[in-house]
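Q: I've got a model open and I'd like to learn how to read its helix packing. Can you walk me through it?

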Amino acid sequence: LFLMKSVRVVKLLVLVVPARCVGFSSQRSILCKSAADLAYLLIVILVVAAIAACFAFFLETGDATFDVAAGAWVRRPGSSLADAGKAIPFQSVPDAVWWGLVTLCTVGYGDVVPHTYAGRGVAAFLMFVGLVVVSSLFSTLSMSFSAIDAERQALKARHEACRAFYLGVKRWIGEDADADGASPSPTAPTPPRKRRITVDEDELARVLEAHERAVEEKLHAVGRRLAALEAENRRLLAELSGGGPRTPPECGRERDIGNRPLLSGGP
């Protein structure tokens with residue numbers, strides 16, 4: 001029952017929050033845009049933490065013995081380390097992986113720490129790697145935010161340009177109508193009054209943007225068609241010239257090749 005209620009709450013948040021909160025929508029766009037980079041960083045964190053955990057576990061248990069009665073790794077009593085005769089913090093590889101993740105993410109709870117010098121060297125290396133990973137994470141998110149903000153600014157600029165164009169057209173239509181009705185002649189027939197055009201500004205902006213995108217797509221299609229025709233033209237010229245190097249006389253003959261028979265015996 002608790003799980004079903006939790007699922008309902010999550011569905012409600014997914015449906016309501018994005019529609020009401022602009023900031024949440026922006027954060028979702030940033031996460032979606034940088035999903036591949038975040039997944040790569042997560043894989044790097046897991047792999048590095050696992051490798052460092054294995055090294056730390058084997059280095060820490062090198063100066064310890066497994067106590068069967070206690071069921072734990074215990075430091076040798078004659079060791080020069082501070083935890084001599086006590087249970088070491090790294091009792092298994094999963095414990096070492098927990099320590100590796102905490103150290104790599106620059107959290108550092110301090111509940112599990114290495115005591116050997118080699119283990120401390122691994123911990124120092126893991127700290128430096130954690131700084132690099134965290135900086136890469138923040139740089140990835142900041143670049144995604146900058147890209148989304150640039151896209152929104154470009155869209156806003158296009159919308160403002162369309163709105164200015166619409167207002168200019170509307171002002172021009174209004175001035176034309178006022179000029180026509182400013183000084184009517186008493187003898188001339190009264191011309192029919194022009195009907196003012198009322199158009200939704202947002203709708204006109206969307207229509208103009210759609211037409212602009214359609215024109216850009218058509219221009220791209222024409223460019224691709226011209227490139228294909230040019231490639232076909234080069235292929236036909238290569239077939240006519242026999243595939244060899246072209247000389248100026250041969251090029252001159254190909255211009256009037258349609259006016260002479262192809263199987264003529266003369267030059």
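Predicted model: local features only at pLDDT ≥ 70, side-chain atom pairs only at ≥ 80, totals over all residues.

Q: At what angle do H3 and H4 pack, and how far apart are their axes?

A: Helix H3 (residues 35-60) packs on H4 at about 125°, and the axes are 8 Å apart. Angles of 65 to 115 degrees count as roughly perpendicular and those over 145 as roughly antiparallel, so H3 is oblique to H4.

Q: Which residues in H3 and H4 meet?

A: On the H3 side, they include Ile-45, Leu-46, Val-48 and Phe-57; among their partners in H4 are Val-97, Trp-99, Gly-100 and Leu-104. By class, the H3 contact with H4 has 16 nonpolar residues, one polar and no charged ones.

Q: Next, a single residue. Is Thr-140 buried or exposed?

A: The cut-off for buried is under 20% relative accessible area. Thr-140 has 9%, so Thr-140 is buried. Thr-140 sits in helix H5 (residues 117-180), and leaving out residues up to four places away in sequence, Thr-140 touches Ser-34, Asp-37 and Leu-41.

Q: And confidence: which elements have the lowest and the highest mean pLDDT?

A: Helix H7 (residues 248-255) has the lowest, at 46, while helix H4 (residues 93-104) has the highest, at 89. Over residues 245-267 the pLDDT is below 50, and that stretch has 11 contacts in the model beyond near neighbours in sequence. For the protein, the average pLDDT is 75, with 73% of the residues scoring at least 70.

How values were computed. Residues numbered from 1 in each chain as written. Heavy atoms only, no water. pLDDT = per-residue confidence, 0-100. Helix = DSSP H or I, 4+ residues; strand = E, 2+ residues; numbered from the N terminus. Contact = heavy atoms within 4.5 Å. Axes fitted to C-alpha atoms, helices over the stretch in contact; angles between N-to-C directions. Parallel < 35°, antiparallel > 145°, perpendicular 65-115°, else oblique. Nonpolar A, V, L, I, M, F, W, Y, C, P; charged D, E, K, R; others polar. Buried < 20%, exposed > 50% of the residue type's maximum accessible area, 1.4 Å probe, protein only.
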